[in-house]
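Reader: I am new to this structure. Please take me through the terms used for it, and show what each one rests on.

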Amino acid sequence: MRIVSGIQPTGQLHLGNYLGAIRNWVRMQDEMEQGSECLFFLADLHAISMPHSPAELHAATLEMVAALTACGIDPDRSILFNQAQVPAHAELQWLLNGTARMGWLNRMTQFKDKSGKNREGASIALFTYPVLQAADVLLYQATHVPVGEDQKQHLELARDVAQKFNNDFASEDAPVFTLPDAIIPPDAARIMSLRDGTSKMSKSDPSDMSRINLTDDADTIMQKVKKAKTDPEPLPSEVEGLAGRPEANNLVGIYATMANITPEAVLADFAGKGFGAFKPALGELLVETLGTITSRFVELKQDREELDAILAKGALKARALAGPTLNAAYDALGLVRSHH
């Protein structure tokens, strides 16, 4: 089994990022069987498909490595790298551009969403993004790729590209590419803002009180939880009682996710109690669970040498794994090059 998954490098990471994607990665790594592998990459090549600041992308990539490592991704057990250090991603994308079809890419709904009204002003990279995603996974003969609902269509495209390439350029008994299967990861928790239970926790919210950053210390976390928006009603005994109470629902959800229990179990403990009792308990749980992550993250973020070393080590392993598949693709297409 070989799992490949990528994440966009974002800076200023918060609780929503951790409970959304990062924690699932750590779980996957920890649940891997002997002989199986996890490759986790920072999708920095994907990031240039949208307008971006080079300095911010650079800083965010390093920050993401610090966060992933602090949260429990072990560079000795998983292969953690950034795309830009493995040129095979870009090379294979070009080779697959010969096989991918305009009609297939025209059907991709994410391009429509991301380009919005200004389709003509979108970058070509945004249009061919799914072909790079196909290269990302096909390069490593991935057997499984974790995909949320919004990425299912892109994995289908990767399978179509692999199938057509194999049909056109390889023999039946020696296909160049493995067709990867989707793993639907356990529901990533949707963590909402502490100031407004109807909008997602986000780094772009002007109020820092709306989110818990991975750089916040214990006092800041307690203060933010205590000042979080709530309603005057006590907590209900049933989950149905949270309907129409977005802030209460969010805080109960955060508690449940952090403690690895169900919202029902949280309400069984706190039914009838007010937020005066619930908030300090939630604050303590967060401080306790995030404490080691936060201190490790803050420390690692400053250690440029260590971050460079982690990425270099991962890229070395990734390049070694990618080599044979890339060579096979060049050969299958009849491209003449020296193998060394």
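Reader: What makes up the lining of the second largest pocket, by class?

Author: The lining divides into 9 nonpolar, 8 polar and 4 charged residues. Nonpolar here covers Ala, Val, Leu, Ile, Met, Phe, Trp, Tyr, Cys and Pro; charged covers Asp, Glu, Lys and Arg; the others, Gly among them, are polar. This is a predicted model: local features need pLDDT of at least 70, side-chain atom pairs count only at pLDDT 80 or more, and totals for chains, interfaces and linings use all residues. Residues are numbered from 1 along each chain as its sequence is written, and side-chain values use heavy atoms, with hydrogens and water left out.

Reader: How much space lies in the second largest pocket, and which residues are closest to its centre?

Author: The space is about 390 Å³. Of the 21 lining residues, Pro 9, Thr 10, Glu 56, Ala 60 and Lys 203 are the closest to the centre. A pocket is an open set of points on a 1 Å grid over the protein atoms alone, with protein on both sides within 12 Å along at least five of seven lines; lining residues have an atom within 4 Å of a point. The volume is the space filled by probe spheres set on the points, which are joined across faces, edges and corners.

Reader: Which helices each supply at least two residues of that pocket's lining?

Author: They are H2 (44-47), H3 (54-71) and H7 (124-138). H3 gives the largest share, 5 residues. Helices (H or I, at least four residues) and strands (E, at least two) are DSSP runs, numbered from the N terminus.

Reader: What makes a space a cavity, and how many of 30 Å³ or more does the search find?

Author: In a cavity a 1.4 Å probe fits but cannot get out. The search of the whole structure finds 1 of 30 Å³ or more. The largest cavity has a volume of about 60 Å³. Helix H6 (109-115) and H7 each give two or more residues to its lining. Among the lining residues are Met 108, Phe 111, Tyr 129 and His 154. By class, the lining has 5 nonpolar, 2 polar and 1 charged residues.

Reader: Why does Thr 128 count as buried?

Author: Buried means under 20% relative accessible area, exposed over 50%, and partly exposed in between (1.4 Å probe, protein chains only). Thr 128 has 17% relative accessibility, so Thr 128 counts as buried. Thr 128 sits in H7. Leaving aside neighbours within four places in sequence, Thr 128 is in contact (heavy atoms within 4.5 Å) with Gln 93 and Leu 105.

Reader: Why is Ser 49 called buried?

Author: Its relative accessible area is 7%, so Ser 49 is buried. Ser 49 lies in the loop between H2 and H3. Not counting residues up to four places away in sequence, Ser 49 touches Ser 123, Ala 125, Leu 126 and Tyr 129.

Reader: Why are Gln 141 and Asn 260 put in the classes they are in?

Author: Gln 141 has 21% relative accessibility, so Gln 141 counts as partly exposed. Asn 260 has a relative accessible area of 54%, so Asn 260 is exposed. Gln 141 has a positive phi of about 55° although it is not a glycine. Phi of Asn 260 is near 60°, also positive in a residue other than glycine. Gln 141 is in the loop between H7 and strand E4 (144-146). Asn 260 is in the loop between helix H10 (246-259) and helix H11 (263-270).

Reader: How do you know that E1 and E2 pair?

Author: Two strands pair if DSSP finds at least two bridges between them. E1 and E2 (residues 37-42) are joined by 6 bridges and run parallel. Ile 7 stands opposite Leu 42 in E2. E2 and E3 also pair in the parallel sense, over 4 bridges. Phe 40 has Leu 80 in E3 as its bridge partner.

Reader: What makes E1 mostly covered?

Author: In strand E1 (residues 2-7), 5 of its 6 residues are buried.

Reader: Which way do the residues of E3 point?

Author: Ile 79 and Phe 81 point one way from E3 (residues 79-82), Leu 80 and Asn 82 the other way, and all are buried. In a regular strand the side chains alternate between the two faces of the sheet.

Reader: What makes a nonpolar core, and how many residues has the largest?

Author: A core is a set of buried Ala, Val, Leu, Ile, Met, Phe, Trp, Tyr and Cys residues joined through side-chain atoms within 4.5 Å. The largest has 56 residues, and Met 258 is one of those with the most contacts inside it. Helix H12 (residues 275-302) gives the most to this core, 9 residues. Apart from it lies another core, of 43 residues, including Phe 127 and Leu 326.
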